[in-house]
Amino acid sequence: MAKPKRKTQRHVLTYMEDAVCQLLENREDISQYGIARFFTEYFNSVCQGTHILFREFSFVQATPHNRVSFLRAFWRCFRTVGKNGDLLTMKEYHCLLQLLCPDFPLELTQKAARIVLMDDAMDCLMSFSDFLFAFQIQFYYSEFLDSVAAIYEDLLSGKNPNTVIVPTSSSGQHRQRPALGEAGMLEGVEASLFYQCLENLCDRHKYSCPPPALVKEALSNVQRLTFYGFLMALSKHHGINQALGALPDKGDLMHDPAMDEELERLLLFFRLAQVPGLVNSVTASPEASCLPSRTPPRVGSPWRPLHHHSRKVDGESDGSTEETDESET
């Protein structure tokens, strides 16, 4: 997967302010090993994308880099769900999201699920890949999609889409998506006119938008489309996924050699730990540096401590045989 070329330096002030806040909140622990080391570890975690783990939603969605990091963390942590072929409900996926971000809003998870399920009930089962790619579009382009929903409603009612007000708040409060009427869901709007409005929106929108050329390509084979049909087209578009840079291609979604190697190493260590006397001989070898210490030294963390209890996900299905379609468009 190609590394995304993100201009993270535009948000240096965001990270500096966050680092200083955490420094002040945890100054007693940090004083044990020094401020310089704290800042080094903090910005290393930003570069590695681990800085968003267990953080509040307002921080997770604060910058494009944070959003990409969260998407990648969610994929890497829970790709075994897809690897095992498990199907989960919207509520179960939301529980997984809350394991990484305890106050992750239910509304965003519902919107992502609606892209996959469309007219189906919200308690239907979804595959991991279907949900993940829909969630990627909804989460990363959230503000843009709110404006697109308003444009779609205006086109259905015959209003001038140029009067749509673009959201200006980044407080994490997401507007309720307009309910689409039956006629709109069945008939949709003219694709060419819809694209013209989206092109104008991208020119003036202050938040992240998918590349207009790729949006045009996604709409090139249809005459009319519904709002959720448009979102589904975005979520399944190979070029848009590559441009965003958070997730691998669908064919490589279940492969993460670096994570697999780390898990195998940890599994080997814990197996050896169950054999008396064997761990000491292993940890004395040159390869011991690759294995985790059984009693790691306590070092102050550059992240805020998590004050919420994680919700346990019930991975068992309800016996339903429903499955979403994972075919490429």
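The expected span of a helix is 1.5 Å times one less than its number of residues; helices (H or I, at least four residues) and strands (E, at least two) are DSSP runs, numbered from the N terminus. This is a predicted model, where local features need pLDDT of at least 70, side-chain atom pairs count only at pLDDT 80 or more, and totals for chains, interfaces and linings use all residues. Residues are numbered from 1 along each chain as its sequence is written, and side-chain values use heavy atoms, with hydrogens and water left out.

**View 1. Helix H11, end to end.** H11 covers residues 191-204, so its 14 residues should span 20 Å at 1.5 Å a residue. The C-alpha atoms at its ends sit 20 Å apart, in agreement.

**View 2. The buried side of H11.** Ala 191, Phe 194, Tyr 195, Cys 197, Leu 198, Leu 201 and Cys 202 are the buried residues here (buried means under 20% relative accessible area, exposed over 50%, partly exposed in between, with a 1.4 Å probe and protein chains only).

View 3. Cys 21 is partly exposed, at 38% relative accessible area, while Cys 124 is buried, at 9%.

**View 4. Confidence along the chain.** Mean pLDDT (the predictor's confidence in each residue, from 0 to 100) is 79 for the chain. Helix H4 is highest at 98, and helix H16 lowest at 48.
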